[in-house]
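Let's work through a couple of exercises together. Have a go at each one yourself before reading its solution.

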Amino acid sequence: MSMKKILHHALLIAASAGLFLQQTAIQSAAPEMRNDEQVIRISASTFEYKPSEITVKRGVPVTLELMSQDRHHGFKLSAFQLRADIQPGVVEKVRFVPDKIGKFTFFCDVFCGDGHEDMSATLTVIE
Amino acid sequence: MSDLMNRRDLLKLAGMGVAVFVSGTTVRAGGSAQKKDESFYFVQLSDTHWGFNGPNINPDSQGTLKKAVAAVNALDEQPDFVVFTGDLTQTTDDRKIRRDRMAEFRDIVSQLKIKTVRFMAGEHDASLDRGDAYQEFFGDLHYTFDHNGVHFIVLDNVSDPMAAVGEKQLQWLQADLQQMKNDSRIVVLTHRPLFDLAPDWDWATRDGAAVIDTLMPLPNVTVLYGHIHQEHHHMTGHIAHHAAKSLMWALPEPGSVPKKAQIPWSAAEPYKGLGFRNVEAEVAQAQYEIEEFSISRG
């Protein structure tokens, strides 16, 4: 095998290893499904989320199923660095593991009309 | 007595008072000196929200804009132009009402003596229909104009309801700036803050950092904007950002309360927190002197 081919193979192996590491990192960052997964469906419409208050447990993975009843809305939960677009007819799933307790506000960050400013709700994380 | 003082006095007579004087160390000289250094001034009005109805917030919602127009008309020396930095009208889902409000707004501001008026959209004007109605009444969503050696760039960060300028407009901005000299005097007019003032209060532009990065190589850039309904001053590097008051309601200081909410009308202090500003452009020095005016009982 020529030196050029050896170098080429070495680069391929290194690239593959890098890709593998990257994929592993992404997978490990996502919470694994558990039997006690907290699945909460949230409906968005002008200009509210239903339910407007949700409570979850710290350390237990959460899946939020976001649906819009009318138009394009947003979901932004800065405390956990989460955001999503919510379009009518699509269930947008947001998964995370709450790692701190407290009350946190999430809100619509897509201008949706007169009342947009008031479109927010509360996530409470308990022990 | 300087022209500046003349205007102040006249504004007081017209029922307006000087609230704050910001960032200026120079006092304007007489007319001949102004021409020599090409200095001029313009008026910035913002967030007029024509069509808003909320007696607890502004019981004079039908009169505040008209008072501001009268006050500008009462200025001893008329500005070179007037600029409205967005949210001309209160948003509505009704296409006809949206257009009615825009027509009414246009009729009211047509009473300004100065006929050079520059408009831009706010999210209330343009986010629900991507600026269709706005463009019918007021023209392009982003554009440039030049005045006495200053290059003005109007940026649209509202017709995308996700509060972004967008890649296409960014490329347009880059192409425009490539034509500028390094020492060009540039004023960016926009609605939302380009920096992350309070993202959880919707006081940011999603790709504002890219805009600022694009502007940063030029040494003489100032940004004037609205949206946050209060006077605010901020620096990103050498670029100054100045927010203007509203002419409909005031909002609390960023992050000062848990939830952003309109500040209720105070019978003891009517029009508190509302106002407009004069901007003196000292072109030779690349400096801008801002005078804030409040609306008082009148």
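**Exercise 1.** Find where Asn157(B) sits in chain B, and work out which side chains its own side chain makes polar contacts with.

*Solution.* Start with the place: Asn157(B) lies in the loop between β6 (150-154) and α7 (167-178) of chain B. Helices (H or I, at least four residues) and strands (E, at least two) are DSSP runs, numbered from the N terminus. This is a predicted model, where local features need pLDDT of at least 70, side-chain atom pairs count only at pLDDT 80 or more, and totals for chains, interfaces and linings use all residues. Residues are numbered from 1 along each chain as its sequence is written, chains are lettered from A and ligands numbered from 1 in the order in which they are written, and side-chain values use heavy atoms, leaving out hydrogens and water.

Next, the polar contacts (pairs of N or O atoms within 3.5 Å, one able to donate a hydrogen and the other to accept it; residues adjacent in sequence count only if both atoms are side-chain atoms). The Asn157(B) side chain has one with the side chain of Thr190(B) at 3.1 Å, and another with that of Thr205(B) at 3.0 Å.

**Exercise 2.** Is Asn157(B) buried or exposed?

*Solution.* Buried means under 20% relative accessible area, exposed over 50%, partly exposed in between (1.4 Å probe, protein chains only). Asn157(B) counts as buried because its relative accessibility is 1%. Now look around it: leaving aside neighbours within four places in sequence, its contacts (heavy atoms within 4.5 Å) include Ala163(B), Val165(B), His191(B) and Leu194(B).

**Exercise 3.** How many bridges join β1 to β4 in chain A?

*Solution.* Strands pair if DSSP finds at least two bridges between them. Here, β1 (residues 38-45) and β4 (residues 62-68) of chain A run parallel, joined by seven bridges. Along them, Ile42(A) stands opposite Leu66(A) in β4(A).
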